[in-house]
Amino acid sequence: MTALLWIRDLSVRYRHDGVEVPALKGISLDVKAGERLAIIGESGSGKSTLALAVAGLLARGAVIAGTIEWSARQLQESHSVTPERQPSAVDGNQTPLLGRDIGFVFQDPSSSLDPVMPVGRQIAEVVRTHLKLSWRDSCTKAKTLLERIRLPHPDSAFHTYPHQLSGGQKQRVAIAAAIAAGPKLLIADEATSALDTIVQAEIVALIRRLVAEDGMTLLFISHDIALAAALADRIVVLRHGELIELGETDQILNAPRHAYTRALLDAHLGLDAEPLLDRRGASA
Amino acid sequence: MSRLRRFFRTPEAIVGALILALLAAMALAAPLLFPGDPQAIAGPALLPPFQDWSLPLGTDRLGRDVLAELFHGARTSLAVGLAAAAAALLIGAVVGTLAGFAGGLVGEVLMRITDAFQTVPSFLLALAFVSVVGPSLGVVVTAIALGAWTGPARVARAEVLSIRERDYVAGARVVGMHPLEIAFREVLPNALPPVLALSSVIVAAAILTEAALSFLGLGDPNRVTWGGMIAEGRTVLRTAPFLSVVPGIALVLTVLGVYLAGEGVVESTAVRRSLS
Amino acid sequence: MSVLAVSNLAKRYHRGGKPFAAVDDVSFEIGPAETLALAGPSGSGKSTIARLVLRLIEPDAGRIDFEGADFLALSGAALRARRARLQMVFQDPLAAFNPRATVARVLDDPLRIHGLASRAERPRHIAALLERVGLDPALAARAIHEISGGQRQRVAIARAIATRPSLIVLDEAVSALDVSVRAQILELLLDLQRQERIAYLFISHDLGVIRAVAHRVVILDAGRIAESGDARAVIVNPQSAIGKALVAATPRLTRNRP
C-alpha cells in the first residue's frame, strides 16, 4: 500500500497563561491510502491534537514543529474535477483542503451543524463550495447523501432542522456533510463518544460502510480500545503526547509490545472480562 | 494580579482609572486642603478664575470659594453615586436571585414588582420620593437606588435561572443544604459577574441623577453638590459662565471616567471567561 | 428488608405539546450492600429515575420507600435531614461542584449541615474522609478545578460517604473517566460497599461496567422496565429486544487469550 500522508517528528505545544504545554512529542507515522487507522489514548494523550494537526485545524496559539507531507498523487486521484492546486510554500507538497480532501467529524454534532439551516441545505452548501456544482445538482447530491446515511424519510429529511433530529441522526448528518465533497481522508474525532451504546454501534457501522464504499482512508480517534479494534486495520497508542505503540490490530490485541498497551487492554471491562465482584470475592 | 494587568491593557481602562483616582483623591483631600466650611464666604462675590491665587477658580454670587466647593462636591457626588449603586446592586441581586431560584408564585410576584418599578421613569420616581420624604443624603441615595435596582434584578434572575439547573445545585440539595443557603452561597456568587458589569452604568446614572436632583433644589441643602453649583450659576450664566461650566466639566469627566473604567473591567473579565 | 423500594413510579413530561412518559410504572427494590444497575439507551428514563429517587424532581405517581418509611411524605427540614442517608455521585465531577469551591469546603458542607462534627473537629474529619477515598489530606486546601478528574470523583465519593448513607445513587459516575482511573474508582466503590454495607443504584449505559460491579440489573426502554434479573444472567442471555440490542452493540475485545 502506498502512503496517503507522512507525519515526521511532529511536535505540538499549546501556550497556556504564558506557559507552553507539550501536547505531542515527536510523532512519526505513515497513514496508508485506504486503511482504517485508529488512534487511541486516554485524556491528555494528544490524540485529538494529532487529528486536528492532520486536518490543519490547530488553534493559532499552537506551536508546531515537524512535518506532515501529503502524497500529491493520492490527492490528485481523489478529484479529477479540481485541477487548480496551490503547492505548499513549506515543503513543495500539495496542501489538502479541509472539507474537500479531508472530512472531519467532531464529537458533538450540535456544534458543527448550523442550527438555523435545514440539514439538506447545509450538505448542499458543502457540495457546491467544493465541487463547484450548480445549486440544483448540489441539492440532488445532498439528497443522495441523505439516503446513503439512512435517515428515516430522506425526502423530508432535506428540510428538517438539526434540533428536530436525535443525537445519532445529527451525527449522521454531520458525517454526510463531512463526506459530501468526496474527501480522500475521513477523520472521526471521538465521533461516537457522546452517544449511547446502541447508537454508537450504528454510527460505527455507518462509518465502516461509507469508508468502504468510497474507498476513503479513515483516521478514527477514540478512548475506547475495543471500539477502535472493531473498526481499525491498525492501531496507534498514544500516551502523554508520545507514540507508545503502532501495529496491526491483531498484534496490538494479542501481542502488545508495550506494558501500557497491555494495561489498557486489561482495564477494559468487556462482556467477557472477569467481574470485579468475583475478583474481590476470591481475594477476600 | 494577572487580572489587574489585563484590566490595564486597554487605554480606555487606563484613562478611566486615572480620572477615578483623581476624583477619589479630590474627595479624600477636600477636608485637608479646604478644612473650613466650603459654604462660608471666602472673598468678594463673583471673582473670575485665575485672578486671585488664593481663590484660583474664583468665587460665586455669595463669595464662596469655587475650588473648595468643587472638591467638597466631589465627595457628595462620589458618595451618593457609589452608595446608590451599591444599594441598587444589592437589592437587585437579592430580588433577582430569589425570583430566579424560588420560581413559581414567589418568582412571579417579585418579577411583577420589578416590572412595576421599571415602568415608572426612574428620575420621576426619585423626584417624587424626595419631594415627599424631604431632601437629605440618605433619602437621595434611597430615591436613586429605587429607580436603579430593576436592571440588576433582571440580569441576576436570568443568570440564576441557568445556574439553577446545574449539577452542583442538585448536589447541594442532595447534601441537604437549606434552599436559602443554596441560593445565596452557591448560586448568587456565580451569578454576580454579569450583574457587576452593570455597576459602571448604574454609578454613572446615579451621579447624574443626584446632580439633577440637586439642580432642581432637591439635594441635601447642607452639602455642596455639583448639581447645586450648576443651578446656583444659572442665574448669572451670561456674566459668570464659569460658575456652571466648571462643575459641569467635573460631572462630565466623572461620568466618563466611570464608564471607561467599567469598560475595562468588563473587557478584562470577558477575556477571562473566554479563556476558561 | 430493602433499603429502597420503588413501586409504580411514573413521571410525564410535555414535549412539543404532547405528553410523553419519561418513567412509566417502574418498580424495583435494592437490599443492603447490594448494587442494582439501571441500564438502557439514552432517553430510556435512567437519569429521571435517579432524580426521582433523590427527590430532585417529584413523581406524578408511585411510591418510594426508603429505609422502610415513605420517602415521598417528607418535606422541608425532615426531608433535608433524611438526605444524609441517601447520597449521589454525578457523571461529571467538575459540574457537580460549585466552581468556586475548595476540596475542604465541599467536604465541610455535609458535616456542618447534618451536625456530624463541631467546627473544631471538622478538619480532622475531612482529612479522614480524604484518606478513606485514597487521597492525600493535603489536597483539602486545593480548589476543585485544580485537581484531576479522577481525584475529583474521589472527592465526590468522599462527600457522598461523609454522612454515612445506606444508599448512593451513582449516575454514570465512571463514564467520563479514563479506563485506568475507572478501574480504581470501581475498586474503591466495591471496597466501601463491603466495609460500610452501602447499597448502590448504579446507572450506566455500559454493560461491561455493569457486569463487573452489579449484582442485579434492570434494563429500561422508553421509561418502562424491559427486563430485570441477575446482572450476569441477563447480560449472557438477554430476553428483551432492547437487552439483546444493548448486548449486541457493546464493543467486544476479541483477544486470543493464552
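Guide: A cavity here is a set of points on a 1 Å grid over the protein atoms alone where a 1.4 Å probe fits but cannot get out, and its volume is the space filled by probe spheres set on the points. The model is predicted. By this rule the second largest cavity holds about 40 Å³ of space. Its lining consists of Thr35(C), Leu170(C), Leu186(C), Leu189(C), Leu190(C), Tyr200(C), Phe202(C) and Val213(C). Two elements of chain C, α6 (179-196) and β8 (199-203), each give two or more residues to that lining. The greatest share comes from α6(C), with three residues. By class, the lining of the second largest cavity has seven nonpolar residues, one polar residue and no charged ones.

This cavity belongs to a set of three with volumes of 30 Å³ or more. The largest cavity has a volume of about 90 Å³. It is lined by 13 residues, and those nearest its centre are Glu186(B), Asn98(C), Val106(C), Asp109(C) and Arg159(C). At least two lining residues each come from α8 (167-175) of chain B and α3 (103-113) of chain C. The lining of the largest cavity divides into eight nonpolar, one polar and four charged residues, whereas the lining of the second largest cavity has no charged residue.

Methods
Residues are numbered from 1 along each chain as its sequence is written. Chains are lettered from A and ligands numbered from 1 in the order in which they are written. This is a predicted model: local features need pLDDT of at least 70, side-chain atom pairs count only at pLDDT 80 or more; totals for chains, interfaces and linings use all residues. Side-chain values use heavy atoms; hydrogens and water are left out. On a 1 Å grid over the protein atoms alone, a cavity is a set of points where a 1.4 Å probe fits but cannot get out, and a pocket is an open set with protein on both sides within 12 Å along at least five of seven lines; lining residues have an atom within 4 Å of a point. Helices (H or I, at least four residues) and strands (E, at least two) are DSSP runs, numbered from the N terminus. Ala, Val, Leu, Ile, Met, Phe, Trp, Tyr, Cys and Pro count as nonpolar, Asp, Glu, Lys and Arg as charged, and the others, Gly among them, as polar.
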